[in-house]
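Trainee: I have just opened this entry and would like a friendly tour. Could we go through it one question at a time?

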Amino acid sequence: MTEDEAVDDELLTIGAFAARARLSAKALRLYDRLGLLAPARVDETSGYRYYRADQAERARTVALLRRLDMPLARIAEVVEAPDGATAAARLGAYWADVEARMAGQRTLAEYLRGRLSGRSSEMYGKFEIETVDVPEQVVISEARHVLAGELPAWIGASLGRLESAARECGGVTAPPFVVYHAEVSMESDGPAESCVPVGDETAARAWAERHGRTWETKVRVEPAQRFAFTRITKAQVAHPQILAAFEAVEEWIAHEGLRQTGPCREIYFADWDAAGAQDPVCDVAFPVR
């Protein structure tokens, strides 16, 4: 008997199963090797693979998911879901990640095309620049030397710690922000400083006295300032495409005859986790006079 001959009413040879699943035997061997679709039985003597007819749906699903460039681990999560609703939700979560990544790459490609073609001024013109006066505020902060690749994880973790601490300091009174005291890139590590405005300076200083050494947390009073800023989407926040927003604000400041009076910052005013790739989430701002 060859591997492509039917075995019995319950099992199909790899050839018969491949025809039913509309896949190649080579693809089925690959799925077996990757742990995505194991045969129902493997003959110990011949090594022939045999499948159940009801495995065809899973085989087709794996093939379609691979066409979405889904990583193997994510495919396994989908096909091993306990029910269809869970599988669909896992696929939806993956595709949301893909769309966010593509939106970021689209923005990066546009940024690079502008740089390479010398159309920087045209590119900067797509950002709307405004000014806003921000009153004096008390902030608790955490500073860190960090490279661009480490920045998103550190921002999320540090702002989470500070917002939790703010409950003991009169609560959060304004959107949190990150100040860049020096360049943060793949080669330069800042430092950057996460800041959360709070309502009670006395309580904040007491909290910093008790816990400040653990996270190198500090308290300071920021004076009232005017900021030039542009609002950007979640997709535009990724490095290095966010640089276009910073450069656009800097060019506008120079064009308006204003002067920068301090380091630039990112002000996060939206729920990051709930926001979609094209939702506004952040203001890129410079203090000016």
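This is a predicted model: local features need pLDDT of at least 70, side-chain atom pairs count only at pLDDT 80 or more; totals for chains, interfaces and linings use all residues.

Trainee: Is S158 buried or exposed?

Mentor: A residue counts as buried when its relative accessible area is under 20%. The relative accessibility of S158 is 0%, so the label for S158 is buried.

Trainee: Which residues does S158 touch, not counting residues up to four places away in sequence?

Mentor: Leaving out those sequence neighbours, we look for heavy atoms within 4.5 Å. For S158, that search gives E142 and S194.

Trainee: Let's turn to open space. What is the volume of the largest pocket, and which residues are closest to its centre?

Mentor: The volume of the largest pocket is about 1,100 Å³. Its lining is made up of 40 residues. Of these, the closest to the centre are P152, I155, V237, E266 and Y268.

Trainee: Which element gives the most to the lining of the largest pocket?

Mentor: The elements that give two or more residues to this lining are α5 (84-117), α7 (151-166), α9 (242-255) and β10 (265-268). With seven residues, the one that gives the most is α7.

Trainee: What about the second largest pocket: which element supplies the largest share of its lining?

Mentor: The second largest pocket holds about 360 Å³ of space, and 19 residues line it, with T107, K126, F127, R231 and Q236 closest to its centre. Both α5 and β9 (225-233) supply at least two residues of that lining. The largest share is five residues, and it comes from α5.

Trainee: Now the charged pairs. How many salt bridges does the structure hold?

Mentor: To count as one, a side-chain nitrogen of Lys or Arg must lie within 4 Å of a carboxyl oxygen of Asp or Glu. The total for the structure is 15.

Trainee: How many residues apart are D32 and R49, which meet in a salt bridge?

Mentor: Their side chains meet at 3.2 Å, N to O. D32 belongs to helix α2 (residues 25-33) and R49 to strand β3 (residues 49-52), so the pair links distant parts of the chain. D32 itself is partly exposed, at 23%.

Trainee: Which parts does the salt bridge between E80 and R58 tie together?

Mentor: The closest N and O atoms of E80 and R58 are 3.8 Å apart. The two residues sit in parts that are 22 residues apart in sequence. Those parts are the loop between α4 (72-79) and α5, which holds E80, and, for R58, helix α3 (residues 56-67).

Trainee: Last one: which residues are linked in a network of salt bridges?

Mentor: Here the salt bridges join up into a network. Its members are E193, R220, E222 and R265.

Technical notes
Residues are numbered from 1 along each chain as its sequence is written. Side-chain values use heavy atoms; hydrogens and water are left out. On a 1 Å grid over the protein atoms alone, a cavity is a set of points where a 1.4 Å probe fits but cannot get out, and a pocket is an open set with protein on both sides within 12 Å along at least five of seven lines; lining residues have an atom within 4 Å of a point. Grid points are joined across faces, edges and corners, and a volume is the space filled by probe spheres set on the points. Helices (H or I, at least four residues) and strands (E, at least two) are DSSP runs, numbered from the N terminus. Buried means under 20% relative accessible area, exposed over 50%, partly exposed in between (1.4 Å probe, protein chains only).
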